[in-house]
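Here are my notes after going through the model you sent over.

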Amino acid sequence: MSAALIDGKAFAATLRAKVAGYAATFEQSAGRKAGLAVVLVGDDPASQVYVRSKGKATTECGMAGFEHKLPDDTAEDVLLVLIARLNADPAVDGILVQLPLPPHINEQKVIAAIDPDKDVDGFNVVNVGRLATGLHGFVPCTPLGCLMLLKDRLGDLSGLDVVVIGRSNIVGKPMAQLLLKESCTVTIAHSRTKDLPEVVRRADIVVAAVGRPEMVKGSWLKPGATVIDVGINRLPPVEGENRGRLVGDVDFASAAEVAGAITPVPGGVGPMTIAVLLRNTLVAAHRNARVALAKDAL
Ligand code: NDP
């Protein structure tokens, strides 16, 4: 392996410690803790794990966590009433509805019901529009975490060629917008892209958010490229394993021979998502309580 390892776990720990520091000063100024409400509908095991770890991380950094668990057959109207209540609750600065929602609930309608100034996931179209037009708003946690890792590693990103593989609303599209804002030349690749290896070979930075285990090979990369692997895929267990190994969308072994720097899976982008969620919640708290926060504090 010749690539440097981008340690998202360490970066996320530092960010969380910073958030905890600012959360304590926020509490002194505002006379209350910053608060994050997390809403879970149904009993999807992966979602339950995510919600539990978000709640734990929230309290660990000195903020208030409000967990709302609703049964799988919750009517859409009931969920919308809860969101209206959270929108109006001054103790709640951020609202996160864990996705996916059961099929009888219209996800877009629910996301649209969240007050954009409490939409710490950045999925509401108002925040999507703010990002696209360069206005202040909430940016989805995973791509913002990727950007933080890139800027920490490379400093000024202006003029660099980037290929983002994947065009989801949660990762690919906001990632591309963020990098455009940094004056990168951005290509968005997807399942219909012709000759993906050739497209990837042009990139100084590759962000892979595909959901296909170890798809991006080292032979596709420009030597020295910086590789951000967003993918989280569990391989089928091999003999002697209870659970299969977690791998990214990048074939780490071959990519690490060619890249200049690369995020591992696990321990790369994954830990950044919750850290940025906490950061976004604290930013929301300062705005909602009209407590000043230095522009580049977090
Ligand atoms: P989606 O399934 O919503 O999007 C996947 C994207 O990959 C689509 O745009 C799709 O193209 C594209 N794609 C699929 N196959 C190919 C292919 N063969 N070649 C090129 N592009 C392809 O996934 P998400 O964006 O939600 O997530 C992507 C990955 O990131 C997943 O592994 C997920 O688990 C992980 N993830 C990790 C997070 C973290 O915290 N680290 C957070 C969120 C996601 P098309 O649009 O044409 O179908």
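1. Which side chains meet in a salt bridge of 4.0 Å, N to O? That pair is R245 and E214. Bear in mind throughout that this is a predicted model.

2. Now for where those two partners sit. R245 is in the loop between β9 (233-234) and β10 (246-247), while E214 is in the loop between β7 (205-208) and β8 (226-229), so the bridge ties together parts that are 31 residues apart in sequence. Both ends are partly exposed: R245 has 48% relative accessibility, and E214 has 22%. With buried meaning under 20%, E214 at 22% falls into the partly exposed class.

3. R16 and E60 pair up through their side chains, at 3.3 Å from N to O. R16 belongs to helix α1 (residues 8-30) and E60 to helix α2 (residues 45-60), so this contact ties together parts that are 44 residues apart in sequence. R16 itself is partly exposed, at 27% relative accessible area. K56 comes in here as well: salt bridges with shared partners join R16, K56 and E60 into one network.

4. Another bridge to check is E67 with K69, where the closest N and O atoms are 3.5 Å apart. E67 is partly exposed at 42% relative accessibility, whereas K69 is exposed at 55%. In total, the structure holds eleven salt bridges.

5. On to the ligand. It has 21 residues around it, and the closest are R167, S168, S191, R212 and T273. Sorted by class, that shell has nine nonpolar, ten polar and two charged residues.

6. Which contacts to ligand oxygen would I click on? For R167, a polar side-chain atom is 2.7 Å from an oxygen atom of the ligand. For S168, a polar side-chain atom is 2.6 Å from a ligand oxygen. I232 uses its backbone instead, with an N or O atom 3.1 Å from an oxygen atom of the ligand. As for cover, the ligand on its own has 920 Å² of accessible area, and the protein covers 70% of that.

7. Last, the domains. The assignment for the chain gives domain 1 as 30-116 and domain 2 as 141-270. Taken over C-alpha atoms, the centres of domain 1 and domain 2 are 29 Å apart.

Notes:
Residues are numbered from 1 along each chain as its sequence is written. This is a predicted model: local features need pLDDT of at least 70, side-chain atom pairs count only at pLDDT 80 or more; totals for chains, interfaces and linings use all residues. Side-chain values use heavy atoms; hydrogens and water are left out. A residue is near a molecule or strand if one of its heavy atoms lies within 4 Å of it. A polar contact is a pair of N or O atoms within 3.5 Å; within protein, one must be able to donate a hydrogen and the other to accept it, and residues adjacent in sequence count only if both atoms are side-chain atoms. Accessible areas come from the Shrake-Rupley method with a 1.4 Å probe; for residues, only the protein chains shown count as cover. Ala, Val, Leu, Ile, Met, Phe, Trp, Tyr, Cys and Pro count as nonpolar, Asp, Glu, Lys and Arg as charged, and the others, Gly among them, as polar. Domain bounds come from an automatic or database domain assignment. Helices (H or I, at least four residues) and strands (E, at least two) are DSSP runs, numbered from the N terminus. Buried means under 20% relative accessible area, exposed over 50%, partly exposed in between (1.4 Å probe, protein chains only).
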